Amino acid sequence: MNASMQRNMKQQAASPLRAAAPVVTVRPVPVGNSTSKRVARAEAIVTHAAATNTSSKMPASHLESSKAALDSLKAQQINRYASNEKPSIIAMGLTIHNAPVSLRERLAVPEAEWPRAISELVQFPHIEEAAVLSTCNRMELYVVGLSWHRGVREVEEWLTRSSGVPIEELRPYLFLLRDRDATSHLMRVSGGLDSMVMGEGQILAQVRQVYKVGQNSPGFGRHLNGLFKQAITAGKRVRSETSISTGSVSVSSAAAELAQLKIPTHDFADSRVCIIGAGKMSTLLVKHLSSKGCKEVTILNRSMPRAEALAEDFPDVKFNIHLMPDLMKCVEESDIIFAASGSEEILITKEDVIDMVACPDVVGGIRRFVDISVPRNIGPEISELVSGIVYNVDDLKEVVCRNTESRQAAAQEAEVLLVQEQRSFESWRDSLETVPTIKALRSKAESIRAGEFEKALTKMGEGMSKKQMKAVEELSKAIVNKLLHGPMTALRCDGTDAEAVGQSLANMDALERMFELSQVDLSSMTKQRARKA
């Protein structure tokens with residue numbers, strides 16, 4: 001061995017060995033009884049690795065990988081109910097803001113058909129609940145979907161099947177909202193903030209009608225029942241706690257104002273007015289026409305009693321009541337014709353009016369039709385004639401713009417109230433999270449009680465009377481109920497207080513871990529109880 005080699009060997013023996021950088025690998029493990037212990041052990045290892053890194057110069061990438069793995073492990077401690085994806089609340093449809101009346105009328109669903117539509121929607125595999133809101137200004141569907149993407153596809157399929165409109169033609173006009181955005185939209189709709197006529201009150205009545213119809217429809221389930229109930233509360237608060245409805249206009253009043261703007265003299269005393277229909281919209285029309293100086297109105301309706309009832313509400317207005325067979329005669333004798341019927345067909349066409357006697361010069365020689373029905377009742381091609389012009393609900397925007405500016409301050413106040421109501425709904429919905437835990441806890445307790453009771457009977461032999469057996473069983477049930485009272489109380493809340501809901505969810509998570517409720521099979525226990533029954 002030469003001198004150089006001897007020197008190198010001495011240097012290596014004298015210098016300390018460089019410590020090897022520890023490599024920590026934390027593998028995700030299934031959630032079980034010892035998950036918390038494993039996380040604690042993993043934290044200790046990573047902490048030790050970090051401390052060792054100071055002196056041993058452990059590569060930063062190793063430590064980062066260890067921490068990432070630890071975070072992954074911690075994530076698996078999430079409660080099983082919280083980790084399951086919630087059903088999505090989906091809102092899809094058309095409104096006057098993004099779709100023309102020619103398309104909206106093809107998708108319109110009459111109120112009498114709402115239960116049928118709900119029934120058809122919930123038959124899809126990924127739709128649990130459904131509701132329909134169809135008015136002259138909107139056609140909206142609200143559904144609770146087990147899967148967001150599949151639920152959306154199924155709603156689109158129903159829309160296409162129901163209307164006959166290809167989805168490619170519909171999509172450019174459809175709005176699509178999910179969960180918080182969907183619930184916020186309904187709150188704004190109910191509050192009148194999404195209406196063409198801001199603050200109008202008729203939409204609240206229509207939302208209330210959706211809720212009423214839903215009470216007799218099995219597909220209108222717990223989530224939508226709670227949502228529409230909260231939306232009605234929101235709509236009431238907006239109108240009672242802000243000035244948004246002060247002097248507000250409805251679609252009917254906007255129609256009356258538009259007609260007044262279009263006649264040359266701006267005076268209804270110079271025009272012969274006819275209204276087709278005697279429902280709510282017609283009643284509002286008469287109310288606003290009367291306030292603008294209209295003293296005489298011709299009413300056309302399918303039945304006489306309803307038209308007569310409308311006339312009784314306005315003693316200061318002279319009514320000429322006719323049945324529908326007199327339609328063309330009455331149209332020819334009128335200068336302004338309002339269509340507000342529930343008919344789903346065109347009632348007056350270009351061919352019907354082309355040979356009618358022209359209107360007098362005081363109204364410009366033009367017969368004006370104001371069609372606020374959806375589907376439309378007046379053929380739009382009448383506007384091709386020199387002697388006729390048709391306005392529909394989309395044309396009311398001209399009147400509405402002037403009313404919107406004056407309501408902006410009230411609208412901002414309303415937005416604050418709507419946020420409060422939306423939070424209340426979300427808290428209530430979160431409170432539903434505890435329901436499966438309550439069922440699992442009670443089912444596990446009952447399973448243990450029943451098992452121990454059977455063991456006790458076996459040990460006691462056959463000498464016990466039925467009365468004694470019943471007394472022992474009642475004793476076991478009473479003990480279980482008293483023991484469960486505290487945990488059950490900690491899980492229950494009405495959902496109105498967000499802080500209380502948060503505490504209930506924390507209690508739920510704790511009980512899940514303490515009683516190992518993730519291992520409870522509720523379906524099998526339900527079947528067992530059914531067999532006993």
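Glu 169 and Arg 106 meet through their side chains in a salt bridge, with N and O 3.2 Å apart. This pair ties together distant parts of the chain: Glu 169 belongs to helix α8 (residues 167–170) and Arg 106 to helix α5 (residues 101–107), 63 residues apart. Glu 169 is partly exposed, at 36% relative accessible area, and Arg 106 is partly exposed too, at 41%. Keep in mind that this is a predicted model.

Why do such pairs turn up? Side chains of opposite charge can pair when their charged atoms come close. The count here comes to 21 salt bridges. Here are three of them, side by side:

| Salt bridge | N to O distance |
|---|---|
| Glu 169 – Arg 106 | 3.2 Å |
| Asp 335 – Arg 272 | 2.8 Å |
| Glu 452 – Lys 455 | 3.5 Å |

Take Asp 335 and Arg 272, whose side chains meet at 2.8 Å, N to O. Here again the pair links distant parts of the chain: Asp 335 lies in the loop between α15 (327–332) and β8 (336–339), while Arg 272 lies in the loop between α12 (251–262) and β5 (273–276), 63 residues apart. Is Asp 335 buried or exposed? Asp 335 counts as buried because its relative accessibility is 2%, under the 20% cut-off.

Glu 452 counts as partly exposed, at 44% relative accessibility, and Lys 455 is partly exposed with 49%.

Some charged residues join up in a group. Arg 138, Glu 140, Arg 188, Asp 194 and Glu 415 are linked in a network of salt bridges.

Now for the empty spaces. Rolling a probe the size of a water molecule over the atoms shows where empty space is left. How many cavities of 30 Å³ or more are there? The count comes to one. The largest cavity has a volume of about 80 Å³. Among the residues lining this cavity are Thr 135, Cys 136, Asn 137, Ser 195, Met 196 and Val 251, and Arg 138, a member of the salt-bridge network, is also part of the lining. Helix α10 (residues 202–214) gives the most to this lining, with three residues. By class, the lining of the largest cavity splits into four nonpolar, five polar and two charged residues.

The largest pocket has a volume of about 1,100 Å³. Of the 34 residues that line this pocket, Glu 111, Met 281, Ala 340, Ser 341 and Gly 342 are the closest to its centre. The elements giving two or more residues to the lining are α10, α13 (280–291) and β6 (296–301). Which element gives the most to the lining of the largest pocket? That is α10, with four residues. The pocket lining holds 15 nonpolar, 14 polar and five charged residues.

Out on the surface, Leu 475, Ile 479 and Leu 483 form a nonpolar patch with about 320 Å² of accessible area together. Leu 475 has its place in helix α20 (residues 466–491), and Leu 475 counts as exposed because its relative accessibility is 52%.

One last stop is Val 362, found in the loop between α16 (350–353) and β9 (367–371). Val 362 is partly exposed, at 37% relative accessible area. Thr 265 is 97 residues away from Val 362 in sequence, but their C-alpha atoms are 7.4 Å apart in space.

Definitions and conventions: Residues numbered from 1 in each chain as written. Predicted model: local features only at pLDDT ≥ 70, side-chain atom pairs only at ≥ 80, totals over all residues. Heavy atoms only, no water. Patch = residues over 30% accessible without salt bridge, like charges linked within 9 Å, V, L, I, M, F, W, Y side chains within 5 Å. Areas by Shrake-Rupley, 256 points an atom, 1.4 Å probe, with all protein chains shown as cover. Salt bridge = Lys/Arg side-chain N within 4 Å of Asp/Glu carboxyl O. Buried < 20%, exposed > 50% of the residue type's maximum accessible area, 1.4 Å probe, protein only. 1 Å grid on protein atoms, 1.4 Å probe; cavity = no way out; pocket = protein on both sides within 12 Å on 5 of 7 lines; lining within 4 Å. Points joined across faces, edges and corners; volume = space filled by probe spheres on them. Nonpolar A, V, L, I, M, F, W, Y, C, P; charged D, E, K, R; others polar.
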